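Here is a friendly walk through a two-part model, asking at each step what a label rests on. Have a look at the structure, and then we can go through the questions together.

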Amino acid sequence: MLRRFLCAAFLLSTVLCSSAMAAEKIVVATNPTWPPMEFLDDNKQIIGYDIDMIKAVAAEAGMEAEVIMTAWDGIFAGVAAGNYDVIASGVTITPERQRAFAFTVPYYDVQQIVVVRKGDSASGFEALKGRVIGGQIGTTGVFVAQKSGVPMTIREYDDVGLAMQDLLNGRIEAVICDSPVALYYANQKEGFTDHLSVAFRTEATESFGFVVQKNRKDLVERLNKGIEAVRAKGIEAELIRKWMGE
Amino acid sequence: MRDNEENSLPAGIAPEGKIEVPAGGLVLPDSEKGNLVNAWSLSLVGAVAVLTVLCTVWPDPYLDILRFVPEGLLVTFEVTVLSIICAIPLGLLTGLGRLSHNRVINLIASTYVEVIRGIPLLVQIFYIYYALAKFLQVSGLTSAVIAISFCYGAYMGEVFRAGIMAIPKGQTEASRSLGFNKVQTMIFVVLPQALRTIVPPVGNECIAMLKDTSLVSVMAMPDLMQYGRSFAAKSYLYFETYTIIALIYLIITLLLSKAVSILESRLNYYDKRK
């Protein structure tokens, strides 16, 4: 028994050492339910703006990014536990999150957009008073709706796609989410564009950042340098054209 | 998760055997009485103590979490109670259908059990809420009650069947020879006796049902689990939040299991010496 244990410990340490020596690989977690930032294509590959961005940033920083899929609910717990190095999943930098995690410099700015069914309208949160609004659990859209102080029912779905589906089904009257996602559903996504329209967008701008464990300042530094390089080389502008359209 | 339907048959036969013990026979000590330290009281006291200590020593996250979730508890109870009310009659009908000599009824009941048992509850919930929405719009609460009671109706059907089968054939024969018809025999002779066998496993199913209502949070139903997830998603205090949620579920489940065991001992009055 003891021998087996020692054997396992030895093997484990060699594996850990060799991966530490390679060191150029970082594991990036994403929740691919947030088109066009990150989503699954027809071949079940994770694609999107964030994915291309983190790969380019990592490459500029001399690392290789391996992207893995994870659920949004618990994505932060995973980075805190060290299951992966980075979250690249359209994460807004908020003071609450900054207390718990380290962020890179902002790499993309968004607003919150409220989407309603075609024919319906709302000029602001006041117009949604007493109505039912949906969003993805733990996203800033839900937080913004909660902080608006307008009495409305907020339903928190596991992913924004389910909320959009329920909006189509007529069980809820509005969905709030980041502007690229809302515009994707309202303007591009087949089966949704004909039925949905943008009601209003919030004035406050939010910035996306890559999330890293609180104590890994070195990795934040490297990623920040990578973002700088990606911007300087014009890769960022190219990616924005590729994923966001006009 | 669900292997108790196999167990319920032998468990059901055991009390029948006990009736044969002569009046002067050895009476087993009642494990519940005169024995303060048992697994149940240890768990309950432990859970309540941990909850109290956490909330008094670190009120900052823990008491806040405890204050945040009670509305979710109401939804959890609502779903559980409504599902129990629907699932028990459904289970009884299924159990009787499985025992029916009418081939069509038997086939319908058996197919229902086979199909429902073969689909995970989470998938059933998604199916009723999101997939069927194309044809039929039902609210979150209705979907939850339909999904859970359909699922547990199938499990309970097997419990009812086992309980009824555990009643010796002689009972039916005696009743029939006294002039009762089949329905009267079932209602006045077989079911009252089978109830003693059926109640404990059905009670267990109800407790399992309460725990499984945590799955309805996928429909954005604001139950206890959803409130917990919502709090954790906002505060990033995963350990603290889910500790409280787990303790609340544990305390409720322990209280329910006590209620079931009290009910069980009330029904087993034949086995006791007065």
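This is a predicted model: local features need pLDDT of at least 70, side-chain atom pairs count only at pLDDT 80 or more; totals for chains, interfaces and linings use all residues.

Q: Why are α4(B) and α7(B) called oblique to each other?
A: The axes of α4 (residues 70–99) and α7 (residues 140–165) of chain B cross at roughly 40 degrees and come within 5 Å. Axes are lines fitted to C-alpha atoms, for helices over the stretch in contact, and angles run from 0 to 180 degrees between N-to-C directions. Angles under 35 degrees count as roughly parallel, over 145 as roughly antiparallel, 65 to 115 as roughly perpendicular and the rest as oblique. The pair α4(B) and α7(B) is therefore oblique.

Q: What makes the crossing of α4(B) and α7(B) left-handed or right-handed?
A: A crossing is left-handed if the near helix is turned anticlockwise from the far one by less than a right angle, and right-handed if clockwise. α4(B) passes α7(B) in a right-handed crossing.

Q: Why does the pair α2(B) and α11(B) get an orientation label, and which one is it?
A: Helix α2 (residues 39–57) and helix α11 (residues 238–267) of chain B cross at roughly 150 degrees, with axes that come within 10 Å. They are therefore roughly antiparallel to each other. The crossing of α2(B) and α11(B) is left-handed.

Q: What makes up the contact of α2(B) with α11(B), by class?
A: Its residues divide into 10 nonpolar, one polar and one charged. Ala, Val, Leu, Ile, Met, Phe, Trp, Tyr, Cys and Pro count as nonpolar, Asp, Glu, Lys and Arg as charged, and the others, Gly among them, as polar. Among the residues in this contact are Trp40(B) and Ser43(B) of α2(B), and Leu247(B) and Lys258(B) of α11(B).

Q: How do you know that β10 and β12 of chain A pair, and in which sense?
A: Two strands pair if DSSP finds at least two bridges between them. β10 (residues 132–136) and β12 (residues 174–178) of chain A have two bridges, in the parallel sense. Gly134(A) has Val175(A) as its bridge partner in β12(A).

Q: Why do β11 and β13 of chain A stand at the edges?
A: The open sheet of five strands has the order β11-β10-β12-β9-β13 (chain A), with mixed pairing. β11 (153–157) and β13 (196–201) each have a single partner strand, so one side of each is left without a neighbour in the sheet.

Q: How many residues of chain A are in contact with chain B?
A: Two residues are in contact if their C-beta atoms, placed from the backbone, lie within 7 Å. By that rule, 17 residues of chain A are in contact with 12 residues of chain B. On the chain A side, α3 (75–80), β11 and α6 each give two or more residues. That side divides into seven nonpolar, five polar and five charged residues.

Methods:
Residues are numbered from 1 along each chain as its sequence is written. Chains are lettered from A and ligands numbered from 1 in the order in which they are written. Helices (H or I, at least four residues) and strands (E, at least two) are DSSP runs, numbered from the N terminus.
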